[in-house]
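This report asks the reader to examine a protein chain piece by piece. Please keep the sequence and the structure in view while reading.

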Amino acid sequence: MEDTYNNRTSLAKGAKDMVKEAKRHAAKKVVKAVDRATDEYSSHRNYSRFQDEEDEDEDFYRNPPRQDGERYPDNEEGSSDATEGHDDEDEIYEGEYQGIPSAGDKKHKDGQVALGQPMSDATRDRKGLEEERQADEEELAQQYELIIQECGHGRFQWQLFLVLGLALMSDGVEVFVVGFVLPSAETDMCVPNSSSGWLGSVIYLGMMVGAFFWGGMSDKVGRRQCLLICMSTNGFFAFLSSFVQGYGLFLLCRLFAGFGIGGAVPIVFSFFAEVLSREKRGEHLSWLCMFWMIGEIYASAMAWAIIPHYGWSFSMGSAYQFHSWRVFVVVCALPCVCAVVALTFMPESPRFYLEVGKHDEAWMILKQIHDTNMRARGQPEKVFTVNRIKIPKQLDELVEMESESGNPVSKFFFRIKAEIHGIYLNLMKCFNYPMRENMIRLAIVWFTLSFGYYGLSVWFPDVIKHLQADEYASKVKIYSNERTEDFTFNFTLENQIHKNALFINDKFINMKLKSVTFIDSTFRNCYFDDVTSVGSFFRNCTFIDAFFFNTDIDESKLIDGTEVVNSTFNHNKIGCQMTFDDDYSAYWVYFINFLGTLAVLPGNIVSALLMDKIGRLSMLGGSMVLSGISCFFLWFGTSESMMIFMLCLYNGLSISAWNSLDVVTTESFPTVRRGTGFGFCNALCKLAAVLGNLIFGSLVGITKAIPILMASSVLVGGGLVGLRLPDTRANVLM
């Protein structure tokens, strides 16, 4: 019995040794097979043959050669007593699930080499490793294009299209919220003219920083995760800003809201492009741009429907007032909330997972895309044939570590500093050869197009207001040397000037003063009760024995040497008043903007249909030149109707340039730097918006020639530079 047991033990050990020897030979054969597969894939772009190699490997494992050169006879059940089940070295059960097929699922032992991995990186220089990664990325780009084509274009892409469209719509809404609430918010919060314009600029400052930060972070932690965080940030602070009362707090909330929404554009386009095949990319990215236009239309329609209704408000005393423009701010935050909810049901970009070495996660998402589209086509039986995807060489990065003894706040800021430094280093690679010239040209085109577009569009309501103010001022009524005694004023006075007037024992009760100015007038023993004034002032006037109760008349209205003698102020109203229900001019301003956004619709449809037919660059350069020419003719607009027509023409022509620029920028950067590069360009866009906002705003009340000529010249110049960009229509996503 003991001899029999020893013989069986020896036989089992001998079988294990033969299996190990067979695996060593198999490993060498696998390496040679990978080399042959790589060469064949590079020339034929075929990834299906990997399955044939695996079949050969499995046959080799099942029937390894003996020492005499022949093979063991096949086992009918595909297993043997020596290899079935776990042995002393914890071998895998035959037939046991071994995970998703991966390029790196082989163990490194006894000289074996994992697929796609070199023997050792310790003795290789950084440049060599980067060249190897570059070669891997080029191979992955070709293979990924074939995989996306196999997955097809269908239900999954349209679902993601709608979700990302909501996020892009939120960005469009956020931009136009500023222009629409600017007049009402500054009036409601008693903002002096010296501080006017900061509300329009602070949102772009936040978006500028947010575009650079979130775009860079999306290359490090993922598209979906960054988009969720930045959209949540925007939604929270947008809602909060509608309730704060102080101008400083309102600016702070809008700054953080802009910081959040700033990451939407670079992440949305990067995300969507990575699930599109080459022949679908230009057209469908252009259709995605339409959601930004839908955001414009939504904001314009809501402003037109809500803001002029000053009665849509409530107040808690005179200290807290919630006017209609605050309702408008809340309504404009709804698309952002919907985008956050919908985004939680979508997966991460599979291309991002491949770039960071997460093969299994990427494979699962690609299979999800394939199965979703095949089920929608009525072909649920169609199998996803991809079983191995190329993984680029993963390079180690030196990261400075914070001391474990540091407090949480210092660790947080240290982490932020490290992330920003990493984003900066990634950005600097965008300016390396051979991308340097194209990056500079892209930056110029983004800056010029944004400067002209935002400079005119954001402040266009003020242009209309300026024309209306001139017409309004021409209808002013002037009264001189009037004398009124023992009279009760209980009605509205509007657009009047009273010079050298004398009011004796008069009562001003429950009345409204709108754009009324009293100059060198005297009020003797007068009584003011529940008086509301907007745009009204008392210049060099005298109040003697006057009594004020529940009015908004204070030092800001009593100017130019006005004297108050033996007079009493009780329960003055706090804050600036917005209580005029007959302000029809607001309807007209918002309706004009609504027409301007509708004019974008034809240009958006045309650009989407022709993007792949006439080319990105022709559309980009031609659209910018034509919009610059149309902008020039605004100089000759002397009436509101003429200005409205030219605004619609300008918007309709410029939208094609925006769509083309978004597509070209998305296709110009490799995946590992796409969010960073796009974020930098979008940050330049917002910087140009800030400059255009401030410059055009300071000149619109003085002259319209300089802003219009400036916008026209930069648009034409930027269009000519755009024609020099490389054509990206035939590019695969690197």
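The model discussed here is predicted.

| Helix | Residues | Number of residues | First to last C-alpha | Expected span |
|---|---|---|---|---|
| Helix 14 | 408-430 | 23 residues | 34 Å | 33 Å |
| Helix 20 | 640-668 | 29 residues | 42 Å | 42 Å |

In helix 14, the span is close to the value expected at 1.5 Å a residue, and helix 20 is likewise close to its expected value. The buried residues of helix 14 are Phe414, Glu419, Gly422, Ile423, Asn426, Leu427 and Cys430. Helix 20 is mostly covered, with 23 of its 29 residues buried.

**Ser630**

Ser630 belongs to helix 19, which runs over residues 616-632. Is Ser630 buried or exposed? Ser630 counts as buried because its relative accessibility is 4%, and the cut-off for a buried residue is under 20%. Apart from neighbours within four places in sequence, Ser630 is in contact with Met646, Leu649, Tyr650 and Leu653. Helix 20 covers residues 640-668, the stretch in which these contact partners are numbered. Ser630 and Asn651 stand 21 residues apart along the chain, and their C-alpha atoms are separated by 9.5 Å. Within its own part of the chain, the side chain of Ser630 reaches the backbone oxygen of Ser627 at 2.8 Å.

**Glu296**

Glu296 is found in helix 9, residues 278-306. Which side chain of opposite charge is nearest to Glu296? That side chain is Lys686, at a distance of 11 Å. Glu296 is buried and yet has no salt bridge, for which the cut-off is within 4 Å. When neighbours within four places in sequence are left aside, the residues in contact with Glu296 are Phe176, Tyr453, Thr597 and Val600.

**Paired strands**

How many bridges join strand 3 and strand 6? Strand 3 (residues 477-480) and strand 6 (residues 492-499) are paired over 4 bridges, in the parallel sense. Within this pairing, Ile478 is placed opposite Ile497 of strand 6. Strand 6 also pairs with strand 8 (residues 507-519), again in the parallel sense, over 7 bridges. Here His498 stands opposite Phe518, a residue of strand 8.

Definitions and conventions. Residues are numbered from 1 along each chain as its sequence is written. This is a predicted model: local features need pLDDT of at least 70, side-chain atom pairs count only at pLDDT 80 or more; totals for chains, interfaces and linings use all residues. Side-chain values use heavy atoms; hydrogens and water are left out. Two strands pair if DSSP finds at least two bridges between them. Helices (H or I, at least four residues) and strands (E, at least two) are DSSP runs, numbered from the N terminus. Buried means under 20% relative accessible area, exposed over 50%, partly exposed in between (1.4 Å probe, protein chains only). Contact means heavy atoms within 4.5 Å. A polar contact is a pair of N or O atoms within 3.5 Å; within protein, one must be able to donate a hydrogen and the other to accept it, and residues adjacent in sequence count only if both atoms are side-chain atoms. Lys and Arg count as positive and Asp and Glu as negative; His and the chain ends are not counted. The expected span of a helix is 1.5 Å times one less than its number of residues.
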